[in-house]
Amino acid sequence: MVSKFDYYFPAAAQMRRIHLYLPDDYGESTERYPVLYMFDGHNLYFNEDATYGKALGLKDFLDHWHKKLLVVGIECSSDDVQRLHEYCPFHIYSRIYGEVWGRGDTTLRWITEDLKPFIDRTYLYCQQDGQHNEGSWELQIPTWMQFLWF
C-alpha cells in the first residue's frame, strides 16, 4: 500500500508530498519494520506520479520481496533548479543550471530532525534495544552521493 500525505518543508516554505510504502499486512500486524528514506518519492511507485511518466516500480517489487520494510519517498521541488538547491550540499556553478546554492545540509537536517521523528512516532519501525535507530542503514547514504549522477 502507498499512502500519500503532505508534510511541511520549512527550508522552502512549502509542503512536500510524502509517498509512504507500507507492507500489505501493516494494518493487521504488530511487526516493526526497517525504514528506508528516498529522494524523488514521486518517481518510486506509479507511472502516473513520475516526472517523465515512468516510475521505478518499487511497489511491485516490494509487494513480492521476502523482506518487509517501510519506504519514505520524499517528493522534491517540481522546479529542477530548486531541486538541485535542496539536494546539493555545497555551492557550485553548473553550465546548465548556473549558480546552485546548495541547501542539502538543511534538507538532511529536516529529514533527520523533523520528518524521521514524525515517522518514528506515527509508524511501527525497528528499534534496537529500545533505542531510536539513528545512524542505522536508513540514513547511511550521504546526501552528496546523490549528486554523482548530475
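Among contacts in the protein chain (heavy atoms within 4.5 Å) between residues at least 6 apart in sequence, 58% join residues at least 24 apart. The model is predicted, so that local features need pLDDT of at least 70 and side-chain atom pairs count only at pLDDT 80 or more, while totals for chains, interfaces and linings use all residues. Residues are numbered from 1 along each chain as its sequence is written, and side-chain values use heavy atoms, with hydrogens and water left out.

**Overall fold**
- The protein chain holds 3 helices and 6 strands, taken as DSSP runs numbered from the N terminus (helices H or I, at least four residues; strands E, at least two).
- Along the sequence these elements follow the pattern β-β-β-α-β-α-β-β-α.
- Of the 150 residues, 41% count as buried, the term standing for under 20% relative accessible area with a 1.4 Å probe and protein chains only.

- Tyrosine 8 stands opposite methionine 15 in β2, and in the hairpin, with 4 residues between the strands, alanine 13 takes a positive phi near 50°.

- Tyrosine 123 touches Phe5, Leu20, Leu22, Tyr26 and Leu70, when residues up to four places away in sequence are not counted.

**The cavity**
- A search of the whole structure finds 1 cavity of 30 Å³ or more, a cavity being a set of points on a 1 Å grid over the protein atoms alone where a 1.4 Å probe fits but cannot get out.
- The largest cavity holds about 50 Å³ of space, a volume being the space filled by probe spheres set on the points, which are joined across faces, edges and corners.
- Its lining residues, which have an atom within 4 Å of a point, include Phe9, Arg16, Phe39, Glu86 and Trp110.
- α2 (80-87) and α3 each supply at least two residues of this lining, and the largest share, 3 residues, comes from α3.
- The lining of the largest cavity divides into 7 nonpolar, 1 polar and 3 charged residues, where Ala, Val, Leu, Ile, Met, Phe, Trp, Tyr, Cys and Pro count as nonpolar, Asp, Glu, Lys and Arg as charged, and the others, Gly among them, as polar.

Key: Two strands pair if DSSP finds at least two bridges between them. On a 1 Å grid over the protein atoms alone, a cavity is a set of points where a 1.4 Å probe fits but cannot get out, and a pocket is an open set with protein on both sides within 12 Å along at least five of seven lines; lining residues have an atom within 4 Å of a point. Buried means under 20% relative accessible area, exposed over 50%, partly exposed in between (1.4 Å probe, protein chains only).
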